[in-house]
Amino acid sequence: MDKDLKNYMETKINNILYSDGLFLKYQYADFKHEELDILFNSHSVAKKTIDVFCPICKKESVFSAICETENYVFEQTYNNSQLGNDNPFGLNSLNGGKKHWLSNLNIIVREFECSREKSNSQHNFVVAFKFYDSHFVKIAQYPSVADLTNRHLSKYKKLDNDIFLELSKGQGLFSHGVGIGSFVYLRRIIENHIVKPELKKLISQEKITEEDLSKKDFKEKLNLLRGEISDFLVENKKIYSVLSKGIHELSENECLTMYPIIEKCIEIILDEQIELKEKLKKKEQVAKQLNQLK
Ligand SMILES: [Zn+2]
């Protein structure tokens, strides 16, 4: 298989297994037979492993699929649909249509064991899917997306504890399938914690009056702050417009689909904010030392 295609497929499957929030609808039409095989068949030839953080080991670990009984998926379709010997992953069903057997599945639970502690099921990563006529949904995951990702967010505490808390809340809502609500927290971070404090500074330094500022839209305000806030935010104004659109116009499912990329953008912005803060601190220190020179 083409390397790019393989990477694309790998990312798509990993996202569904452990990074995407709950309750996002995945349409059967968007999946190849091979992808479904890896997602739902613990006996798939491509032995699926996942690299995630194990909250019990408190370390990154490789998790490998625990194989259900050989006919687990087959039994499920059989029990629910009396499909007979039509193996969902066999050639017959390729011809018969994946939609047919998928819509006859009910719930599939996948379990992966931590390579550090195979004998201890407390370490297991668990994910459950529910199937409908034209789509499937992730209905449960443990450890949650927030459990897996919030650790690396703690570095933003040094920027501002409120930023850390709001980002964690956004992440928590997303991981529980709340799309629009999670967008609200991301927008608050940009508005309240990055842009507003700098605009206040401009007013207090009399670089602009409150009245003139009120006439400007958000994009113009960002331009005023060029050099003072994250370049990535100033140059990618789309981030803010997507967040606003999410709150006012987009559906829950659209917000859930877009959340991971927007969240990554927010992380880049916050990383740049940390750099700016450190640079400013360094400049102040050096200026002080410079003043002390005779
Ligand atoms: Zn473990």
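Where in α8 does a kink of about 40° lie? Look at Val195, shortly before the proline Pro197; the bend at a residue is taken as the angle between axes fitted to the seven residues ending there and the seven starting there. Before going further, keep in mind that this is a predicted model, in which local features need pLDDT of at least 70, side-chain atom pairs count only at pLDDT 80 or more, and totals for chains, interfaces and linings use all residues. Residues are numbered from 1 along each chain as its sequence is written.

Let's step back to the whole chain. Its secondary structure comes to 13 helices and 6 strands, where helices (H or I, at least four residues) and strands (E, at least two) are DSSP runs numbered from the N terminus. Of the 294 residues, 27% are buried. Here a residue is buried if 20 or more other C-beta atoms lie within 10 Å of its own, exposed if 12 or fewer, and partly exposed in between, with C-beta atoms placed from the backbone. Two residues are in contact if their C-beta atoms, again placed from the backbone, lie within 7 Å. Among contacts between residues at least 6 apart in sequence, 62% join residues at least 24 apart.

Now back to α8, residues 179-204. After α8 comes Glu206, with a positive phi near 55°.

Take the α7 partner next. α7 and α8 pack at an angle of about 160°, with their axes 7 Å apart; axes are lines fitted to C-alpha atoms, for helices over the stretch in contact, and angles run from 0 to 180 degrees between N-to-C directions. That makes the pair roughly antiparallel, going by a scheme where angles under 35 degrees count as roughly parallel, over 145 as roughly antiparallel, 65 to 115 as roughly perpendicular and the rest as oblique. Their crossing is left-handed, meaning that the near helix is turned anticlockwise from the far one by less than a right angle (clockwise would be right-handed). Among the residues that meet here are Ile163, Leu167 and Leu173 in α7, and Tyr185, Leu186 and Ile189 in α8.

With α12, α8 packs at about 140°, the axes being 9 Å apart, and these two helices are therefore oblique to each other. This crossing is left-handed too. From α8, the residues involved include Phe183, Leu186 and Ile190, which meet a set in α12 that includes Tyr240, Leu243 and Ile247.

From α12, carry on to α13. The two pack at about 150° with their axes 11 Å apart, which makes them roughly antiparallel. Ile239, Val242, Leu243 and Gly246 of α12 make the contact with Cys255, Met258, Ile262 and Cys265 of α13.

Finally, hop over to Lys48, in the loop between α2 (33-40) and β2 (49-54). It counts as partly exposed because it has 19 C-beta neighbours inside 10 Å. Leaving aside neighbours within four places in sequence, Lys48 is in contact with Ile38 and Ala65.
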